[in-house]
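Me: Could you take a close look at one part of this model for me? I'd like to start with the nonpolar packing and go from there.

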Amino acid sequence: MDKTGADRGDDCIIIGAGPAGLTAAIYLARFHLRIRLFDSGASRAALIPCTHNHAGYPEGIRGTDLLARMLAQAESYGAVRERTAVESIDRDGDDFEVVTATGRHPARTVLLATGVVNNRPEMPRELHDEALERGLLRYCPICDGYEVTDKRVGVIGTGDHGMREAIFLRGYTRDVTLIAPTARHELEPACAAALDDAGIARVDGPCGRYTIEHDRFVVDTASGRMTFDSVYPALGSVIRSELAVAAGARATDDGCLEVDDHQRTTIPGLFAAGDVVKGLDQISHAMGEAGVAATTIRNLLAERRPLRR
């Protein structure tokens, strides 16, 4: 295979160095392709104190440790990482130019693996990070609902999204309270009925004055100070798809990139994997999508120009 790619820069530029981006880097490097990984240092996985549902780690693994292992694996096969943010993706015929603060970088294909950012409750960063580290604040009930089994749990949210998260957590504990983030809950009758049927308490907000007292997270509500073993903000997230959308790729109303079953966006040669695509926001799912995308990229490049060693 031709690994130089010197005539058109890199065979693939990967934007984002979370589980999806790093998995794609491992695959593509092992395909003997020339790749570059742009890492802004903002992977949501880095915030995970310890994940217990990622297969192969029965004792759990810290998000930063998992990312470090994956990066070392990718680099061992020749992947190149640069710590910089991407400013734009420009189309150049069938190819692309990825623009960063260091210049314009040509590539035959691009894979976007930029993920999402959780909307956080308003509190000092130091308090947020300490609560997250201690498991007093959690963002993913699919990932760590098991850890709150039979605990007292608060969910900050309202509407359909808040209701669904509270009901999901009801599968782990009977003690779930849905707290309105603003003055009053905004619940359709069907949502209120579902909460009542599940035995989920709800209190109005606004919620605030967050503190940690001993091993509990304390929240101000319209009903007074409330204490929980863990609190889940159900405030939605921001999809980091703006680079692809600006380049002309289609996205859903909430910003998730539209892809086919091979992770191809609506722009030929531009791929997407992980949480930036609509689907289950899980490490394992992101890694699977990245494997599909990387293999499709390899085959696309082989169709354009035979890959031989």
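Which residues of the largest nonpolar core touch the most other members?

Reply: Keep in mind that this is a predicted model. The largest nonpolar core has 33 residues, and the ones touching the most other members are Cys-12, Ile-14, Leu-22, Leu-28, Ile-35, Leu-111 and Ile-297. Two or more residues each come from β1 (10-15), α1 (19-30), β2 (35-39), α2 (63-76) and α8 (283-304). Take Cys-12 as a way in: setting aside neighbours within four places in sequence, Cys-12 is in contact with Leu-28, Arg-34, Ile-35, Arg-36, Thr-109, Val-110, Leu-111 and Ile-297.

There's also a second, separate core of 23 residues, with Ile-89, Phe-96, Ile-239 and Leu-257 among them. Phe-96 sits in strand β5 (residues 95-100), and its relative accessible area is 1%, so Phe-96 counts as buried, the cut-off being under 20%. Phe-96 and Pro-19 are 77 residues apart along the chain, and their C-alpha atoms are separated by 23 Å.

The crossing of α5 past α6 is left-handed. On the α5 side the contact is made by Gly-159, Asp-160, Met-163, Ala-166 and Ile-167, and on the α6 side by Cys-191, Ala-194, Leu-195 and Ala-198. Sorted by type, the residues of this α5 and α6 contact are seven nonpolar, one polar and one charged.

Notes: Residues are numbered from 1 along each chain as its sequence is written. This is a predicted model: local features need pLDDT of at least 70, side-chain atom pairs count only at pLDDT 80 or more; totals for chains, interfaces and linings use all residues. Side-chain values use heavy atoms; hydrogens and water are left out. A nonpolar core is a set of buried Ala, Val, Leu, Ile, Met, Phe, Trp, Tyr and Cys residues joined through side-chain atoms within 4.5 Å. Buried means under 20% relative accessible area, exposed over 50%, partly exposed in between (1.4 Å probe, protein chains only). Helices (H or I, at least four residues) and strands (E, at least two) are DSSP runs, numbered from the N terminus. Contact means heavy atoms within 4.5 Å. A crossing is left-handed if the near helix is turned anticlockwise from the far one by less than a right angle, and right-handed if clockwise. Ala, Val, Leu, Ile, Met, Phe, Trp, Tyr, Cys and Pro count as nonpolar, Asp, Glu, Lys and Arg as charged, and the others, Gly among them, as polar.
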